[in-house]
Amino acid sequence: MAIQIRTPQQFFAWIVAIARAQEANGWRTELAIRYGIAVAILNVLGQSAPALISGVRTIDQQRALREQAARTPGSRPVAVRSWHTVALAFDIALPYASLSLFSSLWRALGGRSGSYFTPSDPGHFDFPVSGVTPPSIND
């Protein structure tokens, strides 16, 4: 169920609330604020909020995902360097139309959408920051 945002004050309060909740989960501020904006806009447009699948990961979690993907026929390869490990990426689930809208919003906010990766990873979103390089799982 979508929360009805009726005033600019509610809109900005909701962005701040979402961003603070994600910061409490270890997200970097740059990512959390943009996520809050995109989710608030989805709400104003009558769309459901995304289901968060994955956010911050440790190097060991990233390594385990890569190893699991290597053992699973037909699975998408998992990155050696991931923005998840530096708190600048998340994975979500949304119905296709909402996911497409979220992807457009995310790109407008300066982020990258996995929909444009090869191979495609439509539920993945990240926000690379200049000067930050995710560590390799091979280091």
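**A guided reading of the predicted model**

A87 is placed in the loop between α3 and β2, where helices (H or I, at least four residues) and strands (E, at least two) are DSSP runs numbered from the N terminus. The model is a predicted one, in which local features need pLDDT of at least 70 and side-chain atom pairs count only at pLDDT 80 or more, while totals for chains, interfaces and linings use all residues. Residues are numbered from 1 along each chain as its sequence is written, and side-chain values use heavy atoms, with hydrogens and water left out.

The backbone of A87 has a phi near 60°, a positive value in a residue other than glycine. With a relative accessible area of 7%, A87 is buried; the term means under 20% relative accessible area, against over 50% for exposed and in between for partly exposed (1.4 Å probe, protein chains only). P119 belongs to the loop between β3 and β4.

The interior comes next. A nonpolar core is a set of buried Ala, Val, Leu, Ile, Met, Phe, Trp, Tyr and Cys residues joined through side-chain atoms within 4.5 Å. The largest such core has 28 residues, and those with the most contacts inside it are Y35, F90, I92, F102 and W106. Two or more residues come from each of α1 (8–24), α2 (29–44), β2 (89–93) and α4 (96–108). The most is given by α2, with seven residues.

Five salt bridges are found in a search of the whole structure, each being a side-chain nitrogen of Lys or Arg within 4 Å of a carboxyl oxygen of Asp or Glu. In one of them, the side chains of R57 and D91 meet at 2.8 Å, N to O. Because R57 lies in the loop between β1 and α3 and D91 in strand β2, this pair ties together parts that are 34 residues apart in sequence. Both R57 and D91 are buried.

Another salt bridge joins R63 to D60, with the closest N and O atoms 2.7 Å apart. These two residues are three apart in helix α3, and therefore about one helical turn separates them. R63 counts as partly exposed at 24% relative accessibility, whereas D60 is exposed, with a relative accessible area of 53%.

R76 and D121 also meet through their side chains in a salt bridge (3.3 Å, N to O). R76 is in the loop between α3 and β2 and D121 in the loop between β3 (112–113) and β4, so the pair ties together parts 45 residues apart in sequence. At 42% relative accessibility, R76 is partly exposed.

The largest pocket has a volume of about 600 Å³. Of the 27 residues lining this pocket, R76, P77, V78, A79 and D121 are the closest to its centre. Elements giving two or more residues to the lining are β1 (51–54), α3 (59–71), β2 and β4 (124–126). The most comes from α3, with four residues. On a 1 Å grid over the protein atoms alone, a pocket is an open set of points where a 1.4 Å probe fits, with protein on both sides within 12 Å along at least five of seven lines, and lining residues have an atom within 4 Å of a point. The volume is the space filled by probe spheres set on the points, which are joined across faces, edges and corners.
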